[in-house]
Amino acid sequence: MNTESLFELLKVVREPDIQETLGDLNMISAPTKKLGRYAVDLYCYPAPEHYFDSVVDELANIATTADVRLEINQKEMTPGQVGDLEELLLEKTKQADGTSPINILSIPGSKTRVLGFSSGKGGVGKSSVTLGIASALTVLGHKVGILDADVYGFSIPKMLGVRRTPSVIGKVLIPPVSHGIRTMSVGYFVSDDTPVIWRGPMLHKALEQFLVDVYWGDLDYLCIDLPPGTGDVTLSLAEYMPKMETFVVTTPQDAAERVAQRSALAARKLKLPVRGVIENMSFFQGDDGKRYEIFGAGGGEILSKSLEVPLIGSLPIDIALRHGGDVGEPVVFSASESLVSLELLKIARAIVKMGPARIYKSELKIRQ
Ligand code: ADP
């Protein structure tokens, strides 16, 4: 093996969060050879500890398979290299008018569909449904990101098993990727035991940053876990994301349905298209195959009729879903044949099939 052919093998390794190759990102040097041993430099940007371990392992595995001895030297990028990488990322999202907001979602004509999941009140499983549908869309082969905008009860990072913070390249935030899904959440910036008391302007700023300074890449779907109800956050997001389509999550219980209805009507007031209702915790299927309607029946149906949108799925109560959320293994991946996973896949297919909503508000621009 010569140095060129080894370089060809090594430079196509993907950077795990940016999801481009090391070669494209100029993060790897061409190998050198001395006394039968090869050596490469891996240029690392500022990242959490052990972040590059998986890249080093992958490079080492390639060398082993190719039967060459390879020394991998991890080097911190110089400020100049960090600047070049930032430039490269900004360049990828450059708009026609020459400005370069990292937020590709604001580019008019962006192909990314923005799906907002809302509920009238907390605890109905809105985050679990957001994660479940995002996972199902990933399984179907789409590029997916989740914005955890439930700033009062952020749970997505834990449910997705992300245990590190986003990296920062210049002013660009790199969303951690887990199970192939890019995520951004305030949960990455505050510790679990710190209560978040957001004041309006702070909240606004944090959200703006999540949309403007985050390298989302070219997503097919951005799923947003909205806070319950229609407070400040939803209002701001509706302004930033005129393309957002909303889905209302409810339980079969009448009370939850009533509050869900309020939230859906409010979404209508914001001129966001409501595309469908998803009923969660519809029943529990025992080992005997019998279905128990623990939280009653009919809430989803009633809500879908009154909103004149389809009920696109009814998810059972499943211990595997709860457990998956607790350990960071979404149920669609950990128990792919379960009833709840199959229903999530069905819902994801229905969302893909319905295509983007046709009526959008005029595009709003985010100031830099
Ligand atoms: P929300 O975002 O509406 O507050 P969560 O998604 O955080 O609700 O869900 C609340 C709790 O209920 C979590 O512990 C979650 O694991 C559990 N849960 C939600 N949906 C289901 C379901 N279909 N089956 C079993 N447990 C569920």
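**Chat about the ligand site and the cores**

User: Which helix gives the largest share of the shell around the ligand?

Analyst: That's α4, with 3 residues. Helices here are DSSP runs (H or I, at least four residues), numbered from the N terminus. Keep in mind that this is a predicted model, where local features need pLDDT of at least 70, side-chain atom pairs count only at pLDDT 80 or more, and totals for chains, interfaces and linings use all residues. Residues are numbered from 1 along each chain as its sequence is written, and side-chain values use heavy atoms, with hydrogens and water left out.

User: OK, how many residues surround the ligand, and which are closest?

Analyst: There are 15, and the closest are Gly123, Gly125, Lys126, Ser127 and Ser128.

User: Which polar backbone atom is 2.9 Å from a nitrogen atom of the ligand?

Analyst: One belonging to Pro316. Also, an N or O atom in the Ser127 side chain is 2.7 Å from a ligand oxygen atom. Polar contacts like these are pairs of N or O atoms within 3.5 Å.

User: New topic: which residues touch the most other members in the largest nonpolar core?

Analyst: Ile133, Leu147, Ile224, Leu237 and Ile278, out of 58 residues. A core is a set of buried (under 20% relative accessible area, 1.4 Å probe, protein chains only) Ala, Val, Leu, Ile, Met, Phe, Trp, Tyr and Cys residues joined through side-chain atoms within 4.5 Å.

User: And what other core lies apart from it?

Analyst: One of 33 residues, among them Leu25, Tyr38, Met77 and Leu89.

Definitions and conventions
A residue is near a molecule or strand if one of its heavy atoms lies within 4 Å of it. A polar contact is a pair of N or O atoms within 3.5 Å; within protein, one must be able to donate a hydrogen and the other to accept it, and residues adjacent in sequence count only if both atoms are side-chain atoms. Helices (H or I, at least four residues) and strands (E, at least two) are DSSP runs, numbered from the N terminus. Buried means under 20% relative accessible area, exposed over 50%, partly exposed in between (1.4 Å probe, protein chains only).
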